[in-house]
Amino acid sequence: MFYKEWLIIRFSSLLTLCGVVLDLELVFFVIGFLLIHISIGICAILYDYVHIKKIKCVLIFLVKISSIEITRSIMEFFF
């Protein structure tokens, strides 16, 4: 069985590699997929190793907020 997160991580890493090699305009897509890849990876680690439900929910919430803030900072940098 394949999980959708597993497919997204593999697809985003493939696009990251293609974006670095091919063209600069793909960098925007690459950064988006890279942030998705990072946040899904951190959430998977949290699901596996944090067993207290309240702490897990708070940490996952913080991962999502930090992903939004990093995206905002990158957009401000480029524009």
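The largest nonpolar core consists of five residues: C43, L46, V50, I60 and V63. A nonpolar core here is a set of buried Ala, Val, Leu, Ile, Met, Phe, Trp, Tyr and Cys residues joined through side-chain atoms within 4.5 Å, where buried means under 20% relative accessible area, exposed over 50%, and partly exposed in between (1.4 Å probe, protein chains only). Helices α2 and α3 each supply at least two residues of this core. Helices are DSSP runs of H or I with at least four residues, numbered from the N terminus. In soluble globular proteins, nonpolar side chains tend to be buried together.

The structure is a predicted model, in which local features need pLDDT of at least 70 and side-chain atom pairs count only at pLDDT 80 or more, while totals for chains, interfaces and linings use all residues. Residues are numbered from 1 along each chain as its sequence is written, and side-chain values use heavy atoms, with hydrogens and water left out.

Helix α3 covers residues 53-78. From its first C-alpha to its last, this helix of 26 residues reaches 38 Å, close to the 38 Å expected at 1.5 Å a residue; the expected span is 1.5 Å times one less than the number of residues. The buried residues of α3 are K56, I60, V63 and S67, and what covers them includes α2 (27-49). S67 has a relative accessible area of 19%, so it counts as buried. Not counting residues up to four places away in sequence, S67 touches L35 and S39.

Turning to the aromatic residues, one aromatic pair is counted. Rings of Phe, Tyr and Trp (its six-membered ring) pair if their centres lie within 6.5 Å; planes under 30 degrees apart count as stacked, over 60 as edge-to-face and the rest as tilted. The pair is formed by F11 and F33 and is edge-to-face, at 5.7 Å centre to centre with 90 degrees between the planes. Because F11 lies in helix α1 (residues 4-21) and F33 in helix α2, the pair ties together parts that are 22 residues apart in sequence. F11 is partly exposed, with a relative accessible area of 45%, and F33 is also partly exposed, at 23%.

Helix α2 also holds F29, which counts as exposed because its relative accessibility is 55%. The C-alpha atoms of F29 and T16 are separated by 8.3 Å, with the two residues 13 apart along the chain.

Terms used:
Contact means heavy atoms within 4.5 Å.
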